[in-house]
Amino acid sequence: MEEGIRLRKGFGIVALLLCSIVIVVMIKGCFDGCFSSPEAFVSYIGNYGFMGPVVLTLIQMFQVVVPVVPGMVGCAAGAVLYGTVGGFICNYIGISAGSILAFWLARKYGSEFVKKVTGEKRYYKYTDWIQKQKSYTFIFGLMILLPLAPDDFLCYFTGLTRMSSKKFIFIILSMKPWLIMIYSLVFAGIL
């Protein structure tokens with residue numbers, strides 16, 4: 001039992017450290033104007049050298065939780081810098097981890113937290129819409145597959161539903177890769 005508590009505390013410390021690093025990296029990027037265009041973002045990530053894939057993955061994770069940079073910009077940067085497969089891996093891990101984190105934060109801190117993150121107007125719009133859906137699990141899975149869907153916000157709202165964590169994680173891990181792979185293929189070919 002005591003070992004489990006130590007493990008959770010250790011995980012919490014590592015998570016806090018990673019979040020702090022990502023926040024510093026993102027603030028620096030904002031001040032440097034690195035999120036203004038895909039080209040600027042590519043240059044910014046490229047400046048991190050061999051740590052670039054880690055930085056990209058962490059930014060992609062964080063952008064789901066706090067949508068500062070559009071996910072497509074990160075997908076473009078990953079494909080340009082690391083190729084279709086390397087970019088896909090960075091983006092898939094980051095976006096999936098961020099989606100699961102958003103779900104977990106909503107589940108842990110509840111509707112008031114989600115309302116603060118998403119804004120009151122968006123909160124009521126989505127919660128009203130979700131409550132009217134008879135087959136929300138199917139619709140959520142479909143939205144994860146669609147480009148330009150508000151899937152980052154839906155991860156928060158899904159954390160407020162009765163959907164189990166296992167089902168949510170299964171949907172994210174099985175549906176997210178398809179759109180990310182398409183983005184990776186498109187951006188690797190176009191850019």
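Helices here are DSSP runs of H or I with at least four residues, numbered from the N terminus. A nonpolar patch joins nonpolar side chains within 5 Å, taken from residues with over 30% relative accessible area and no salt bridge. The model is predicted.

**Surface patch.** Phe138, Leu142, Leu145, Leu146 and Trp178 make a nonpolar surface patch of about 510 Å². Helix H6 spans residues 136-145 and gives the most to this patch, with 3 residues. Leu145 has its place in helix H6.

**Helix packing.** Two packed helices are described by the angle between their axes and the distance between the axes. Two pairs are set out here.

| Helix pair | Residues | Axes come within | Crossing angle |
|---|---|---|---|
| H2 and H3 | 38-46 and 52-65 | 8 Å | roughly 130° |
| H4 and H7 | 71-118 and 151-159 | 6 Å | roughly 85° |

The H2 and H3 axes cross at roughly 130°. H2 and H3 are therefore oblique to each other. On the H2 side, Phe41, Tyr44 and Ile45 make the contact; on the H3 side, Gly52, Val55, Leu56 and Ile59 do. By class, the contact of H2 with H3 holds 6 nonpolar residues, 1 polar residue and no charged residues.

For H4 and H7, the axes cross at roughly 85°. An angle of 65 to 115 degrees counts as roughly perpendicular, so H4 and H7 are roughly perpendicular to each other. H4 brings Ser99, Ala102, Phe103, Leu105, Ala106, Arg107, Phe113, Val114, Val117 and Thr118 to the contact, and H7 brings Phe153, Cys155, Tyr156, Phe157, Thr158 and Gly159. The residues of the contact of H4 with H7 divide into 11 nonpolar, 4 polar and 1 charged.

**Salt bridges.** The whole structure holds 2 salt bridges. Lys115 forms one with Glu112. Their closest N and O atoms are 3.3 Å apart. Both Lys115 and Glu112 lie in helix H4. Lys115 and Glu112 are 3 residues apart, about one turn of the helix.

Terms used. Residues are numbered from 1 along each chain as its sequence is written. This is a predicted model: local features need pLDDT of at least 70, side-chain atom pairs count only at pLDDT 80 or more; totals for chains, interfaces and linings use all residues. Side-chain values use heavy atoms; hydrogens and water are left out. Axes are lines fitted to C-alpha atoms, for helices over the stretch in contact, and angles run from 0 to 180 degrees between N-to-C directions. Helices (H or I, at least four residues) and strands (E, at least two) are DSSP runs, numbered from the N terminus. Angles under 35 degrees count as roughly parallel, over 145 as roughly antiparallel, 65 to 115 as roughly perpendicular and the rest as oblique. Contact means heavy atoms within 4.5 Å. Ala, Val, Leu, Ile, Met, Phe, Trp, Tyr, Cys and Pro count as nonpolar, Asp, Glu, Lys and Arg as charged, and the others, Gly among them, as polar. Patches are made of residues with over 30% relative accessible area and no salt bridge: like charges are joined within 9 Å, nonpolar side chains (Val, Leu, Ile, Met, Phe, Trp, Tyr) within 5 Å. Accessible areas come from the Shrake-Rupley method with a 1.4 Å probe; for residues, only the protein chains shown count as cover. A salt bridge is a side-chain nitrogen of Lys or Arg within 4 Å of a carboxyl oxygen of Asp or Glu.
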